[in-house]
Amino acid sequence: MARHGGVPSPEACAAEGMVAAVRDVSLQVHTNEILVVMGLSGSGKSTLIRCLSRLFQPTAGAVHFGDREITHLTERQLIPLRRYEMGMVFQNFGLLPNRTVIENVALPLEVRRIARVERERLAYDKIELVGLQGREQYFPRELSGGQQQRVGIARSLVTDPDVWFLDEPFSALDPLIRRDMQDEFLRLQAQLRKSILFITHDFDEAVRLGDRIAIMRDGEVVQDGTPQQILTHPADDYVRQFTRDAPRGSVLQVRAIMEAIDQPGSGPSAEPRPSYEVVAGEPVRADETLNTAAHRVLESGAATVDVVDAGGVRVGYLERSRLLQALFPDDVSETEPAEAQR
């Protein structure tokens with residue numbers, strides 16, 4: 001493909017009988033942020049994470065790790081980067097069957113030739129962190145799938161990496177175990193505050209875990225934004241299909257659908273409420289989820305309610321009809337009062 005200038009178009013790839021797995025992607029993972037990359041099988045998400053970690057060599061473009069451009073690093077130059085600054089967790093766990101839990105977790109430290117006493121101390125700390133204390137001498141075959149994945153997570157964290165790559169780490173687990181592992185992952189992130197690139201094909205998992213979500217299709221990112229931005233403003237029908245069955249009520253906050261006022265407050269400068277308001281409902285907070293706010297809004301019978309910030313200052317108002325539309329975008333109840341349907 002060199003004769004196409006190093007950045008082949010889809011047409012050029014097709015002419016050569018090839019497919020560009022990733023193209024025209026520009027993303028940034030911020031400090032302490034969870035960026036979830038999701039898409040259907042074959043969308044390019046796993047290839048992307050392998051390019052960013054330099055397991056694959058990109059054919060064009062640049063990968064910046066902090067203030068370093070790492071695309072042109074040799075395999076020898078990549079060794080310290082991978083050993084000290086990157087942590088990786090894969091779907092198939094990747095545990096060595098003939099090694100115990102503590103030996104698997106300590107493996108990256110062994111590769112770095114850290115003394116046995118020190119590496120076992122560090123490994124014990126991470127085993128306790130993921131809740132596997134007491135199983136240090138177990139072999140992988142003696143553990144459940146969720147426990148094996150915890151070992152993989154502990155191993156990826158034992159070097160205290162700056163960036164954590166996770167490629168569909170929970171997709172092979174049963175639904176209940178998967179939910180538990182998501183909870184565990186969020187607990188670890190709250191404690192460790194890593195910069196994380198997380199790959200998944202599950203939109204519910206993406207909105208539950210991600211600070212931002214990048215949705216891929218045919219090797220390209222079609223939308224990049226917060227879960228609330230993607231749920232309220234899907235870029236196209238492809239993204240809209242993902243959001244259709246999403247748990248909107250537990251993800252969206254009131255601030256995403258409220259009518260903001262220019263001058264927060266309750267005095268004459270505040271923007272007036274709509275003329276069709278019939279009941280003054282109890283205020284809701286801007287940072288509440290729609291599920292939490294819905295109980296009070298619907299029970300109040302009000303067409304609109306005030307929205308306040310954490311300090312109790314009025315920052316906008318929420319229309320009952322807009323709340324229902326956000327919760328049930330394809331099925332607003334026909335039994336709602338006429339004023340709520342306007």
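Helices (H or I, at least four residues) and strands (E, at least two) are taken here as DSSP runs and are numbered from the N terminus. The structure is a predicted model, in which local features need pLDDT of at least 70 and side-chain atom pairs count only at pLDDT 80 or more, whereas totals for chains, interfaces and linings use all residues. Residues are numbered from 1 along each chain as its sequence is written, and side-chain values use heavy atoms, with hydrogens and water left out.

The chain contains 14 helices and 12 strands. Of its 342 residues, 45% count as buried, where buried means under 20% relative accessible area, exposed means over 50%, and partly exposed lies in between (1.4 Å probe, protein chains only). Among the contacts in the chain with a separation of 6 or more, 63% are made by residues 24 or more positions apart, a contact being heavy atoms within 4.5 Å.

An open sheet is formed by 6 strands in the order 4-5-6-1-7-8, with mixed pairing; two strands pair if DSSP finds at least two bridges between them. Strand 4 (86-90) and strand 8 (220-225) stand at the edges with a single partner strand each, so one side of each is left without a neighbour in the sheet. On average, neighbouring strands of this sheet are turned by 15° against each other, direction ignored. Strand 1 (residues 34-38) pairs with strand 7 (residues 212-217) in the parallel sense over 4 bridges, and Leu-35 stands opposite Arg-212 in strand 7. Helix 7 (residues 175-192) lies across strand 1, strand 5 (163-167) and strand 6 (195-200), and runs at about 165° to strand 6; axes are lines fitted to C-alpha atoms, for helices over the stretch in contact, and angles run from 0 to 180 degrees between N-to-C directions.

The largest pocket has a volume of about 1,200 Å³. A pocket is an open set of points on a 1 Å grid over the protein atoms alone, where a 1.4 Å probe fits, with protein on both sides within 12 Å along at least five of seven lines, and lining residues have an atom within 4 Å of a point; grid points are joined across faces, edges and corners, and the volume is the space filled by probe spheres set on the points. Of the 41 residues that line the largest pocket, Val-25, Leu-48, Leu-52, Ala-62 and Val-63 are the closest to its centre. Helix 2 gives the most to this lining, with 4 residues. The lining divides into 25 nonpolar, 12 polar and 4 charged residues, with Ala, Val, Leu, Ile, Met, Phe, Trp, Tyr, Cys and Pro counted as nonpolar, Asp, Glu, Lys and Arg as charged, and the others, Gly among them, as polar.

The second largest pocket, with a volume of about 480 Å³, is lined by 18 residues, of which Arg-82, Met-86, Met-88, Pro-108 and Arg-155 lie nearest its centre. Strand 4 provides the largest share of this lining, 5 residues.

Two loop residues may be described individually. Pro-169 is placed in the loop between strand 5 and helix 7, and counts as buried at 1% relative accessibility. Residues touched by Pro-169, not counting those up to four places away in sequence, include Val-89, Phe-90 and Phe-198. Asp-162, found in the loop between helix 6 and strand 5, counts as partly exposed at 44% relative accessibility. Leaving aside neighbours within four places in sequence, Asp-162 is in contact with Glu-85, Lys-194 and Ser-195.
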